[in-house]
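Load the model, show it as a cartoon, and keep the sequence panel open. Each stop below gives a selection and says what is there.

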Amino acid sequence: MSQAPESALEFNIELRWSDQDLMGHVNNARIMTLAEEARIRAMQQLQRTAGSDEPFEAVLRTSNTDFLAPIMYPGDCVVRIWVSKIGNSSFVMQHELSQNGKVAVTVEAVVVMFSSATQAPMQITDNVRKALESVSASSAR
């Protein structure tokens with residue numbers, strides 16, 4: 001059952017033949033690529049929501065994955081993404097990867113806003129914070 005709030009972003013990703021392993025399951029490493037693709041799409045959408053023409057300067061700090069059921073080729077994968085926590089320089093993104101209406105994989109990722117100029121974490125700006133809040137679990141309340 002989905003835990004995603006109504007404010008979650010949703011992306012449909014078509015699976016490729018090369019995503020599968022010998023059993024027809026999408027390979028675990030490819031699952032991380034699917035989550036990454038959806039996270040990049042989400043960050044691009046949040047960038048537009050924040051009113052910026054420039055990509056967010058952000059890096060992935062940690063990622064934890066729970067494999068609940070196999071995702072099978074052929075088919076599509078639906079990925080829902082939302083923000084569960086916003087700090088001073090980082091935020092937590094939740095991912096749900098589903099197939100045929102069933103949640104198969106969850107990923108929790110900590111993303112840090114990062115300055116390429118100083119090579120150090122930087123504060124989340126007000127406009128970015130508002131964009132993140134627009135897809136947070138608390139915005140659905």
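**Stop 1**

Select N100, in the loop between strand 4 and strand 5. Helices (H or I, at least four residues) and strands (E, at least two) are DSSP runs, numbered from the N terminus. This is a predicted model, in which local features need pLDDT of at least 70 and side-chain atom pairs count only at pLDDT 80 or more, while totals for chains, interfaces and linings use all residues. Residues are numbered from 1 along each chain as its sequence is written, and side-chain values use heavy atoms, with hydrogens and water left out.

Phi of N100 is near 55°, positive in a residue other than glycine. Most residues other than glycine have a negative phi. N100 is exposed, with a relative accessible area of 78%. Here buried means under 20% relative accessible area, exposed over 50%, and partly exposed in between (1.4 Å probe, protein chains only).

Move to Q119, in the loop between strand 5 and strand 6 (120–121). Its phi is also positive, near 55°. Q119 counts as exposed at 55% relative accessibility.

**Stop 2: a cis bond**

Go to the loop between strand 2 and strand 3, where P74 sits. The peptide bond joining Y73 and P74 is cis, with omega about 0°. Most peptide bonds are trans.

**Stop 3: helix 1**

Select residues 28–49. Helix 1 has 22 residues and spans 32 Å from first C-alpha to last, close to the expected 32 Å. That expected span is 1.5 Å times one less than the number of residues.

A side-chain oxygen of N27 comes within 2.7 Å of the backbone nitrogen of A29. After the helix comes G51, with a positive phi near 80°.

Which residues of helix 1 are buried? They are I31, L34, A35, A38, R39, A42, M43, L46 and Q47. Their cover includes strand 1 (9–14), strand 2 (58–67), strand 3 (76–86), strand 4 (90–99), strand 5 (102–115) and helix 2 (126–133).

**Stop 4: F11**

Now pick F11 in strand 1. F11 counts as buried because its relative accessibility is 9%. Beyond residues up to four places away in sequence, F11 touches A38, R41, A42, Q45, C77, V78 and V79. Contact means heavy atoms within 4.5 Å. Draw a distance to A42: the two C-alpha atoms are 8.4 Å apart, across 31 residues of chain.

**Stop 5: helix 2**

Color V128, A131 and L132, the buried residues of helix 2. They lie on the same side of helix 2, because they cover an arc of only 100° around the axis. The arc is that of the directions from the helix axis to the C-beta atoms. D126 and K130 are exposed on the other side. Helix 1, strand 3, strand 4 and strand 5 are among what covers the buried residues.

**Stop 6: S115**

Select S115 in strand 5. S115 counts as buried, at 11% relative accessibility. A polar atom of its side chain lies 3.3 Å from the backbone nitrogen of A117. Leaving aside neighbours within four places in sequence, S115 is in contact with E57, A120 and M122.

Key:
Polar contact = N/O pair within 3.5 Å; in protein donor to acceptor, adjacent residues only side chain to side chain.
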